[in-house]
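Thanks for coming. I'll go through one structure this morning, starting with a charged pair and then moving to the sheets.

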Amino acid sequence: MDVIEHAAEWLNQYGNAVNAVSTIIATVIAVAGIVVSCRSIAVANRANKIAQASFDYSREKDWKEEERTQAVLVSAWATPDGDDYLMNEAERKIVVTVCNGSPQPVYNAVTSMEAIQGAAPELITGDDAVPIGTLPSGKYQVEVSKPTPGMCTKFNASLGFTDSKGFSWAWDAKGNLFRTKQHPYEYFKLSLPVGVLGALTPVRSD
């Protein structure tokens, strides 16, 4: 009986302490579980944000590529024909080849010359720009005015147009394609209303 009485007495004395320690241990475990859960949630949220950002980037990239689908198939370049790309020295004209490689026409097309080297104005605008209007599928040639020569100046053709989706684009003489907020006629500073359009001569395939 003494053993039982001593055990009962010990339990009475230390039982509350044991319960308290057990409670503390349980609380610590619970807190640790909450911390681990919070960290797991934070990691999951970061992973979701990264995945969402990657998805948004991919979607925007695909959208931009789709947006440029027709524009990248339209181009223009000065056609060499003797010194300084001259077609007719007396008329001071340069032949520009314009090409629409898409199956649909583009609209409000304008071409002009632009300096790619030297101190001349980068883009020749105004009355020296040549409005083309609708550019059908195919390859054509059109005459533009020869720019005033300058020291070490070299030129190439620039082209503006509106695609079949209604977006306005411009190719600069260095081969850069970009969207413009301006209508092509406004971008090239044409006098409005536009009068005679540049005559397109089809280029026959050999």
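Glu 67 has a relative accessibility of 8%, so it counts as buried; buried means under 20% relative accessible area, exposed means over 50%, and partly exposed is in between, with a 1.4 Å probe and protein chains only. Before I go on: this is a predicted model, where local features need pLDDT of at least 70, side-chain atom pairs count only at pLDDT 80 or more, and totals for chains, interfaces and linings use all residues. Residues are numbered from 1 along each chain as its sequence is written, and side-chain values use heavy atoms, with hydrogens and water left out.

Back to Glu 67. What does it form with Arg 179? A salt bridge, with the closest N and O atoms 2.6 Å apart. The criterion is a side-chain nitrogen of Lys or Arg within 4 Å of a carboxyl oxygen of Asp or Glu. The structure holds one salt bridge. This pair links distant parts of the chain, since Glu 67 sits in helix H1 (residues 2–67) and Arg 179 in strand E9, 112 residues apart. Helices (H or I, at least four residues) and strands (E, at least two) are DSSP runs, numbered from the N terminus. Arg 179 is partly exposed, at 39% relative accessible area.

Strand E9 brings us to the sheet. Five strands form an open sheet in the order E5-E4-E7-E8-E9, with antiparallel pairing; two strands pair if DSSP finds at least two bridges between them. At the edges are strand E5 (130–135) and E9, each pairing on one side only. On average, neighbouring strands of this sheet are turned by 25 degrees against each other, direction ignored. The axes are lines fitted to C-alpha atoms, for helices over the stretch in contact, and angles run from 0 to 180 degrees between N-to-C directions. Inside the sheet, E4 (residues 106–117) and E7 (residues 154–162) pair over eight bridges, and Ser 112 has Ser 158 in E7 as its bridge partner.

Elsewhere, strand E3 (residues 93–100) and strand E6 (residues 138–145) are also antiparallel, over eight bridges, with Ile 94 opposite Val 144. E6 is joined to strand E10 (residues 201–202) by two bridges, again antiparallel, and there Gln 141 stands opposite Thr 201.

Next, Asp 172, in the loop between strand E8 (168–171) and strand E9 (177–179). Asp 172 is buried yet has no salt bridge, and the nearest side chain of opposite charge, Lys 174, is 6.8 Å away. For charge, Lys and Arg count as positive and Asp and Glu as negative, while His and the chain ends are not counted. What does the Asp 172 side chain reach at 2.9 Å? The backbone nitrogen of Lys 174. The backbone nitrogen of Gly 175 lies 3.0 Å from a polar atom of that side chain.

Last, Thr 162 in strand E7, which is buried at 8% relative accessible area. Its side chain makes a polar contact with the side chain of Asn 108 at 3.1 Å. A polar contact is a pair of N or O atoms within 3.5 Å; within protein, one must be able to donate a hydrogen and the other to accept it, and residues adjacent in sequence count only if both atoms are side-chain atoms. The side chain of Asn 108 is also joined to that of His 183 by a polar contact of 3.3 Å. His 183 lies in the loop between E9 and helix H2 (184–187), and it is partly exposed at 32%.
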